[in-house]
Amino acid sequence: MSTLTQRSSGLVQRKTEASRNAEKIPDGDDDRRAEHEQEDEKGDSKETRLTLMEEVLLLGLKDREGYTSFWNDCISSGLRGCMLIELALRGRLQLESFGMRRKSLLTRKVSETWNPLKLHYQLRNVRERLAKNLVEKGVLTTEKQNFLLFDMTTHPLTNNVIKQRLIKKVQEAVLDKWVNDPHRMDKRLLALIYLAHASDVLENAFAPLLDEHYDLAMKRVRQLLDLDPEVESMKPNTNELLWAVVAAFTK
């Protein structure tokens, strides 16, 4: 796999309140110092932790221009799928039980609002809200651009390290770390691949690859797309809602 060139982003290491408090702890009190260091690490990890929706949007955003392709009409429904799976992986949502007779994934629902069959409805201003979250996390910035007849708020990339890390994670999942079994893959990463494809942004993650690696990556993605979500959802240790969302996009 070709090595992605990562530019230094010039990140300033900001001290959290926990680290400042740790400096005040006497040298002899190792236990209290260790406790503060753990709190500091947790705070830093939360600062750059991205949701599935943010990851998909980041893959779709043009780095310099700060907006998604005008021709991409898939990303809105893809982001709605991200929201469903994000809540499912956190244990906040699940499909209704099927009772005595097993129903297909797409005839079961969480509620009328979160029916997987309604994924193609638009979410109002969702991209702008997600972009603002990424600005707050230090990944994007905010600018105004003039497009002849109107001004548009854009969000160019400022932290290339985080985006390159995301791209590398997606590439490795279908190349160096390919396990040839969706149930051995991390569920969040599996969902990211499906949703990035459904949002028509997966190509952006594979574009830097050499031709042979690109072809192999796409071949393995096709293997995932050819799976039957109904069959996969009945296997042990699966998340049914994840496969219901996959079914909504692939059937």
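What is the mean pLDDT of the protein chain, and what share of its residues reach 70 or more? This is a predicted model, so colour the chain by confidence before selecting anything else. The mean pLDDT is 79, and 73% of the residues reach 70 or more.

**Residues 1–47.** Select this stretch next. Its pLDDT is below 50. Beyond near neighbours in sequence, residues 1–47 still have 42 contacts in the model.

**Strands β1 and β2.** Move to residues 143–147, which form strand β1, and residues 150–154, which form strand β2. The two strands run antiparallel and are joined by five bridges. Show Glu-143 and look across to β2: Thr-154 stands opposite.

**Helices α7 and α11.** Select Tyr-194 in helix α7 (residues 187–198) together with Trp-243 in helix α11 (residues 240–250). The structure holds one aromatic pair, and Tyr-194 and Trp-243 form it. The arrangement is edge-to-face, with 5.8 Å centre to centre and 75 degrees between the planes. The two residues are 49 apart in the chain, and their pair links distant parts of it. Tyr-194 and Trp-243 are both buried.

**Cysteines.** Finish with Cys-74 and Cys-82. Which of the two is buried, and which is partly exposed? Cys-82 is buried, because its relative accessible area is 0%. Cys-74 counts as partly exposed because its relative accessibility is 27%. A search for disulfides will return nothing, as the structure holds zero.

How values were computed
Residues are numbered from 1 along each chain as its sequence is written. This is a predicted model: local features need pLDDT of at least 70, side-chain atom pairs count only at pLDDT 80 or more; totals for chains, interfaces and linings use all residues. Side-chain values use heavy atoms; hydrogens and water are left out. pLDDT is the predictor's confidence in each residue, from 0 to 100. Contact means heavy atoms within 4.5 Å. A disulfide is a pair of cysteine sulfur atoms within 2.5 Å. Buried means under 20% relative accessible area, exposed over 50%, partly exposed in between (1.4 Å probe, protein chains only). Rings of Phe, Tyr and Trp (its six-membered ring) pair if their centres lie within 6.5 Å; planes under 30 degrees apart count as stacked, over 60 as edge-to-face and the rest as tilted. Helices (H or I, at least four residues) and strands (E, at least two) are DSSP runs, numbered from the N terminus. Two strands pair if DSSP finds at least two bridges between them.
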